[in-house]
Amino acid sequence: MSDKNISYLNKTFTDFKSNLVNYAKTYFPTTYNDFSEASPGNLFIEMASYVGDVMSFYVDTQVQENFLLYAKEKENLYALSYAFGYRPKSSYASSTIVDIYQLVPSQTINSINSPNFNTYGLIIPENTSITANSNGTKFITTEKIDFTDTGSTEITFVDDNYYLFKKSVKAISAEIKTTTVTYGAPQKFQISTITDTNILQILDVTGSDSNKWYEVPYLAQSSIFEAVANPTYNTDQVPYLLTLKRTPRRFVSRILSDNTLQLEFGAGISNSTDDQIIPTPDNIQLGLVPGISDLSDNYNKASVFFTKEYGLAPSNTTLQIRYLVGGGITSNVPSNDLITINTSGVSFKNGSPGGAISATVLSSVVSTNPTPAIGGRNGDEIEEIRNNALFSFTSQNRAVTKDDYIIRTLSLPATYGNIAKVYITQDFERSNTTETSTTTKNPLALDLYVLAYNSNKQLITSSTTLKDNLVTYLNQYRMITDAINIKDAFYINIGVNFDITVQSGYNNQDVITNCILMLQDHFNTEKWQINQPIILSEINSKLLQVQGVQSVVKVEIINKQDNTGVTYSQYGYDLSGATKNGNIYPSLDPSIFELRYPNTDIQGRVVAS
C-alpha cells in the first residue's frame, strides 16, 4: 500500500472517478477490468466518487466559513463580526423633529396681558409615545419638554384668553417593551434570550433588589459612563455631568442571526466587588513557567489586563429588562403624520391647579411632524455586516484621524452638552496670537476648537462643564499618544445689506421677501463650518436666481458687534481687510461667521435700474 501512487488533490466527482478508474487499472489489472457504465463495479466507483465530492465540498465550506471575507452563512458572519468588534443591527430606526403644542391661559399683570406659563406650563416626559396616523408606527420622544422654560419656546397669541406654546423635540420610531427573567442560584456566564422582532437596543435592566445592571461592549470592561445631574444647569445649560463608574453588575447583549437578543452576564458568584487585577511580581507570571528563551511571552496577559470574574452573575433576583423595538422601512412616515400623542404621562410642572381650565389645557396638547421621518430601514445585509466588521476591526473603536475626532465630538449625547461646531488642527499650526501657554508646541497634540448652541440655537462659547464632559468622553476613544487641547473658537456676527433692481411686472416687496428667504437659508448656521469663507460671487449668483431679480447692484457684509457679548459677539472683525478677490476670509484663529438674527440682520432695497 505504501508504494502505491495516491492523488490527494481531487476535488470534484469527475476527478475522483477518473483517478479511481486509473487506480483500479494500474494496481488491479487482472482482478477487475469491466469499466462500462452498466457494470456493478462502476456503481461502487461512482458511489465512492460521490462521497468524496461531498466531503470535499464540506471541508472547503467549513474552511471558508472561518474567514470574514468569504463566509456566507449569516450565523457565522454574526459570530465573526462580534469577534471583530462590530455589532450587527436587526433594524434601523427612523427619526424626525416633532412639534408639540399646548394652550396656556393668559393673565393680566399691571394691565399687561401675558401667558401664565408658571401655573399652566406642562411637562411632556421623555419617551412619550406618538403614533403615526398612516400606518400605526410608534414613535417616542428622546428628551423631556418643559413648557415653563420659555427659552426655546415659540409663543403665539391666540385671543385674550389663551396663548399657543410650541416646542420641538426629536422623535425616533421605537416602542418600549418590558420582559422579566428570574434567576435562582448563580451560574457562571448565564445567558438569557429575548425573542422579539426588530429589537433596537436595551434601554435598562433593573433587579427586584433595586440594583441596576449596566450594558458594556465586553464583560472585561468594568467602567461605564454615568450621567449625574448637573447642579449648575440653570447657568451653563448642561443637563448632566459625564462621569466614569466602575460596576460589577454588567452584561453584554448580542443580536443573533434569527433576530433574537441574547444577554450574557459575568462569572462572579459572590457579593465581593470584581476588582481589576493590579500587576505585581507575584501574579504577572501566573500560570507560566518563567524563562529567558522568549521574553516577549514571559507574562500572562489575561491575569493583568482583565478582571477576575468579568462581573457578577445574577442570583436570587428577577431582572426587569426594558428594550426598544421598531424601525424598518415602514417607519419612514410622511410629514404631518405624527398626530396621535399619548398624554397619559403629561403633568403640570408646578402641580395641577385644578378646574375646567386645567382640563382644557391638558386636552390641548397636540403634535405633528413638519418634516418626514427618515433613516428607517431593515437590518444589516450580508455584505454590510462583512464590510462594517472589517472597518470596526481596523479602527478598533479609536479616534485615529482628525475626522474621527470631529465625528466623535459631535456624537457627544445632548444630555451632556450641545456641541455645535468643531474644528481640529495640529498644535504647530496654531497662530501665535492666541497662544496662552509658555510651553513648547507638541507636534503630537491636537487643538480641538468647539462652539455650542444656546436655547435659541445661536452660537455661544462652550461652558467649562461642557468641555469637562467632552474630555471625559474623548478620553475613552483617543490614542494614548494623542494630546487634545480643547479650546474656544470665535464667532463673528454679520449682517447683510443688498440692493437689487426688479424686472417689470413683479411686486417689489415680494421679490425682496424671496431674496431675504434665500439669504436666510444660505446663512443658516447649521450649514456653516469653522474657517469657512464668505464667497460674494456665490451670493450674487443666488440673488440673480430669485424670480423677478433683474440685477444685483450691491451686496455688503457688515460686522455686528456688542462689547458686552449679550446681543452679538464681543469680538469685532475687519471684514474689508479680510476681503480678497471677492471672498471674505475668517481670522487665522479658528472662527465662524454667524447671521445671528436672520429676521432683522438682512436688509434689502429695490433701486432704480
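I'll start with α12, whose buried residues pack against β27 (490–502), α11 (508–522), β28 (534–535), β29 (549–560) and β31 (583–584); contact here means heavy atoms within 4.5 Å. Helices (H or I, at least four residues) and strands (E, at least two) are DSSP runs numbered from the N terminus. This is a predicted model: local features need pLDDT of at least 70, side-chain atom pairs count only at pLDDT 80 or more, and totals for chains, interfaces and linings use all residues. Residues are numbered from 1 along each chain as its sequence is written, and side-chain values use heavy atoms, with hydrogens and water left out.

Which residues of α12 (536–544) are buried? They are Leu-536, Ile-539 and Leu-543, where buried is under 20% relative accessible area, exposed over 50% and partly exposed in between, with a 1.4 Å probe and protein chains only.

Next, the pair. The axes of α3 (74–83) and α8 (382–395) come within 10 Å and cross at roughly 20°, which makes α3 roughly parallel to α8 (angles under 35 degrees). Axes are lines fitted to C-alpha atoms over the stretch in contact, with angles from 0 to 180 degrees between N-to-C directions. On the α3 side, Lys-74, Leu-77, Tyr-78 and Ser-81 meet Ile-382, Ile-385, Arg-386 and Ala-389 of α8.

Last, Gln-396 sits in the loop between α8 and α9 (402–410). Its C-alpha atom is 9.5 Å from that of Tyr-86, 310 residues apart along the chain.

Terms used:
Angles under 35 degrees count as roughly parallel, over 145 as roughly antiparallel, 65 to 115 as roughly perpendicular and the rest as oblique.
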